[in-house]
Amino acid sequence: MIGKQEVRQKLMANTNAAILGTGRAYPEGILTNADLERMVETSDEWITSRTGIKQRHKASEGEYTSQFAVAAARQAIERARIDPGEVGLIICATVTPDQILPSTGCLIQAELGANRAAAFDIAAACSGFLYGLTLANQLIRSGQTRYALVIGAEILSRYVDYTDRSTCVIFGDGAGAALLGPAEDGRGILATRIYSDGRYAEQLFSPGGGTRIPPTAETLAGGLHYFKMRGNELFKVAVRSMADVSREVLDEAGYQADDVKLFIPHQANQRITDAVAQKLKVDESIVYSNIAMHGNTSSASIPIALDECLEMGKVGEGDLVLLASFGGGVTWGAVLLKW
Ligand code: UT7
């Protein structure tokens, strides 16, 4: 016999998902450019002019990814005015999980008391949140899930080599979350596109600590667990991929870049953001940037930015919102929403 809930879910099938609530959280600890000047050969002038970053949040000893994910998720659930028990899906996008097993998603689930959800992690680096939105949208559309939580959460500082000036100035810690449910009146997610190209895997990677190079005293001493990045090569691919995939979702939904009211690109580098905006020919007034305050928080960057934009009243009903990302893997994607 089909239960009431199943009937309701079947009726909702083929309805796009909308974001019903968001949240964000990050460690209190802050690492400024002045702090970094004392740690490596760099300068506030170099970091500001090459990246736009002034400070980034950094976790203290004892803090871990799911703590911030749970705090962000609680806000998203509360603002969506649902009960944690109604959440049917938890996707945590992270490349810095609490531990290898179980997934950070399951740890978050237990803390939230969302005991009827399916929970898992996605490792798609900076594109993880958009990968999560894409999957959640499909599961809501199919009627399998009514409410889904998508979280981007990272404690990148655990994998940053604070003697390597080419990476340590960039990355920050934090978490952002979105609670999705069936959309009304043709609003919500209008189009999604996600891609990856593993041929570029070694442009941003952590060589050691997994099954290929298991963690030993030697690999730790050699810093093989730290992120290595060919930033300059990634830069060009990032700009091209984010602009191309943004055009794809706009085309698919029948819109022009001009129609977009808010553009939130992954916060990788202010110069990347500016170059993507220029390629798309969108006015800088609709492009959101918080990189000065947070640095690059990988999968957390877009949901943190979205939550800030909502708090600042930058999004109105019916507004077209474009999200685009690029990250290690390499991975990239875009999501177009009607608010
Ligand atoms: O999150 C998504 C994935 N990541 C990205 O998309 C990152 C994309 N890449 C970037 O954001 C930029 O490439 C960086 C910010 C990482 C680097 O900026 P750049 O303008 O591409 O610099 P570069 O790597 O070409 O280096 C230029 C110079 C080099 O010195 P020489 O060889 O010209 O003497 C570097 O050694 O800048 C030097 N440099 C620094 N100098 C002071 C590199 N890092 C620093 C630093 N402070 N922190």
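Which residue in the turn of the hairpin formed by S12 and S13 has a positive phi? In this predicted model, local features need pLDDT of at least 70 and side-chain atom pairs count only at pLDDT 80 or more, while totals for chains, interfaces and linings use all residues. Residues are numbered from 1 along each chain as its sequence is written, and side-chain values use heavy atoms, with hydrogens and water left out.

The residue is Gly 329, whose phi is about 140°, and three residues lie between the two strands of the hairpin. Strands here are DSSP runs (E, at least two residues), numbered from the N terminus. S12 (residues 320–327) and S13 (residues 331–338) run antiparallel and are joined by eight bridges; two strands pair if DSSP finds at least two bridges between them.

Eight of the eight residues of S12 are buried, that is, under 20% relative accessible area with a 1.4 Å probe, protein chains only. In a regular strand the side chains alternate between the two faces of the sheet. Leu 320, Leu 322, Ala 324 and Phe 326 are buried on one side of S12, and Val 321, Leu 323, Ser 325 and Gly 327 are buried on the other.

Turning to the cysteines, the structure holds zero disulfides, a disulfide being a pair of cysteine sulfur atoms within 2.5 Å. The sulfur of Cys 168 lies 17 Å from the closest cysteine sulfur, that of Cys 126, and so is too far for a bond. Cys 309 is likewise in no disulfide, its nearest cysteine sulfur, in Cys 126, being 18 Å away. Cys 168 is buried at a relative accessible area of 0%, and Cys 309 is buried at 0% relative accessibility.

Note on methods:
Buried means under 20% relative accessible area, exposed over 50%, partly exposed in between (1.4 Å probe, protein chains only). Helices (H or I, at least four residues) and strands (E, at least two) are DSSP runs, numbered from the N terminus.
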